[in-house]
Amino acid sequence: MAYQNIDGCSSDEQYPSDSNDVLDPKPLAVVAPPACGVHPPIVASFNDRIRPLLDCVDKLRHLNIMQEGIQLPTIVVVGDQSSGKSSVLESLAGISLPRGQGICTRVPLIMRLQNDTKITTTNLRLEYNEKSLPVDEDGIADAIILATDEIAGHGKGISNNPLTLVVKKSGVPDLTMVDLPGITRVPVQGQPEDIYEQISDIIMKYIAPEESIILNVLSATVDFPTCESIRMSQKVDKTGERTLAVVTKADKAPEGLLEKVTADEVNIGLGYVCVRNRIGNESYEEARSDEARLFSTHPLLSKIDKSMVGIPVLAQKLVRIQASIISKCLPEIVGKINDKLTSNVAELNRLPQHLSSVAEALTTFMHILSSSKETLKKILLRGEFDEYPEEIEMHCTARLVEMLDQYSIELHSKNLEKKEDFLTEEIMALQETKGIGLPNFLPRAVFLNVLQKKVKEIAVAPEDFVGRLWNYVERIVIKVLMYHCDNYPQLQSSTRRAAQNLILIKKNESVDWVREIIGMEKMTDYTCNPDYLATYSKLIAQQNTFMEIMNDPRKPSVINLEGVGEIDVGHLRKHLGSVQQAFDMKMRITAYWKLVLMRMVDFMALHIMFSLQKMVNKEMEEEIVQDLMAPHGGGIKRMLDESPLIAEKRTRLNKSVELLKESKEVVANIMERISLHGDQEKD
């Protein structure tokens with residue numbers, strides 16, 4: 001594949017292209033050598049399939065698709081301050097850019113070069129701050145300075161807001177590049193102290209994406225490894241596979257340049273191109289001629305391979321690299337646009353309907369109530385937790401059973417009598433209730449006295465339990481209500497307040513119920529449960545054995561009693577007058593106390609489930625409606641005032657969806673043009 005003559009006058013040498021053609025491009029046109037003084041375009045563009053792709057990326061960049069997290073293939077121009085970046089871009093574009101001491105580029109400058117062979121004059125346009133201004137070629141440098149001042153302010157500060165320069169001209173390469181501020185470590189007067197950090201942040205933002213090609217501009221007058229731009233590019237492109245180096249000022253430091261670009265100490269994967277900067281008021285044609293002559297005749301520079309020298313070679317490489325990265329990335333970009341659009345549309349659809357009437361608000365409110373009620377029924381009453389499969393706390397029926405089991409253990413752990421105190425309490429009670437009457441007759445008052453004492457010892461446990469239980473239920477209920485009201489924050493305060501008020505009422509009801517139960521247990525002893533007599537009969541059957549030990553001091557005083565265990569009863573022989581009655585009462589208390597504890601647990605379970613059912617099926621709904629309709633609740637009309645967060649999110653998603661749809665249409669149109677072009681080629 002042959003390319004146009006670079007010199008255009010004296011050199012007959014033509015340069016081979018890179019081996020990898022993308023999108024099956026036609027060869028660059030072979031341009032016949034013109035007469036001396038007449039110079040061909042820098043590089044003949046690829047065929048018409050490449051221009052639409054670049055247009056597509058430029059339109060997506062103009063739409064600011066990158067704000068959606070979708071990166072675009074970009075040639076990013078970086079370099080240390082005074083490395084000659086602006087001169088390289090001037091040579092590629094054939095126009096003058098701002099020059100001077102210090103930082104000339106204070107904002108990212110997006111340069112869109114568009115080759116148009118049908119025009120004879122250069123068309124320039126600046127785009128920034130939603131403005132698009134035509135500019136004449138003589139005034140372009142001043143116009144860029146004025147636009148930069150408007151974006152970054154007067155002085156020497158920098159800004160991350162870009163400025164776009166569109167250059168439509170015959171003979172320029174079809175390229176889009178982003179020129180970034182030159183790297184400087186030491187702030188000068190008028191620059192912020194953190195100027196280096198600011199510039200570094202901007203550069204890293206642009207060169208970090210894998211889609212970026214780094215055009216690293218290096219001065220031949222410095223050692224490449226010491227360049228700050230090299231260190232930055234190596235942070236994000238360690239292998240150098242997406243870095244191309246341009247070596248400027250080759251005429252200023254020709255000694256050793258060949259060795260520097262062939263040794264490649266800094267790992268530049270896409271190679272080097274050495275160029276000569278335009279000097280003073282040279283025309284671009286003169287600069288190109290002098291550049292070609294320099295690399296052809298200079299005793300040192302002429303030894304550098306011709307595929308590594310000259311602005312035309314640089315333009316050719318950039319066009320090919322750009323075409324390659326765009327053709328590689330565009331299908332991925334299409335996929336990302338579609339994925340992001342699908343995701344945002346789904347998220348937008350999940351947002352609550354914007355309510356415009358009381359009827360709509362009422363309908364939505366009733367839906368929130370019914371869905372909340374259904375969720376609470378599932379997790380509190382039916383034991384279904386499909387809505388919260390991973391949240392253990394929300395598996396409420398299982399948690400309630402665990403709490404009841406712990407409550408039962410706590411109750412049974414109360415009143416545990418020490419073995420050495422066996423019958424002590426009963427004997428003392430009998431002695432303190434002696435009266436004139438028949439002997440060996442167990443007064444009921446004695447039994448009640450002991451029973452009441454035991455009930456009193458456990459009275460706190462049920463109250464503590466219902467407190468813990470309703471605190472747990474309150475967390476669950478509020479979590480469910482907040483979830484279903486999430487799209488309507490204006491309802492959350494009212495529903496939260498209603499839930500808290502209702503739970504407090506239910507807690508107080510349970511406490512009152514517990515106190516009634518405790519009072520009833522203290523007041524009387526009664527059961528129709530046959531287990532009482534069965535247990536008592538089994539326990540009292542041990543009385544004869546026990547009394548034989550009591551009455552015969554010669555027998556061992558250790559006895560194993562069912563329900564008590566192995567105990568030493570020798571100390572009880574001094575109470576032979578009341579020990580038999582005490583044993584009888586102990587067995588009655590033991591048999592009856594077992595049923596009392598069982599009742600305390602069973603009735604608690606029934607009470608809790610009954611209370612929860614009432615709360616979920618009726619009371620919660622009524623409490624929320626009453627609170628909402630109260631003067632402090634604001635009524636249903638409050639729902640018409642959309643939450644600022646929801647409104648902001650809706651606006652953001654709508655803008656994003658609109659942007660993505662427009663981007664999708666841009667890509668679809670470009671793809672259609674490419675397809676039609678391909679069909680025409682086949683025909």
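This is a predicted model: local features need pLDDT of at least 70, side-chain atom pairs count only at pLDDT 80 or more; totals for chains, interfaces and linings use all residues.
Q: Which residues of H11 meet which residues of H12?
A: Glu425, Ala429 and Leu430 in H11 meet Val446, Val450 and Lys453 in H12, where contact means heavy atoms within 4.5 Å. The residues of this contact divide into 4 nonpolar, no polar and 2 charged; Ala, Val and Leu are among the nonpolar types, Glu and Lys among the charged.

Q: What makes a set of residues a nonpolar core, and which residues touch the most other members of the largest one?
A: A core joins buried Ala, Val, Leu, Ile, Met, Phe, Trp, Tyr and Cys residues through side-chain atoms within 4.5 Å, buried being under 20% relative accessible area (1.4 Å probe, protein chains only). Of the 89 residues in the largest core, Phe422, Phe546 and Met615 touch the most other members. Helix H17 (residues 579–629) gives the most to this core, with 22 residues. A second, separate core of 66 residues includes Ile151 and Val246.

Q: How much of the chain is buried?
A: Buried residues make up 50% of the 683 residues in the chain.

Local features need pLDDT of at least 70, and side-chain atom pairs count only at pLDDT 80 or more, whereas totals for chains, interfaces and linings use all residues. Residues are numbered from 1 along each chain as its sequence is written, and side-chain values use heavy atoms, leaving out hydrogens and water.

Methods: Helices (H or I, at least four residues) and strands (E, at least two) are DSSP runs, numbered from the N terminus.
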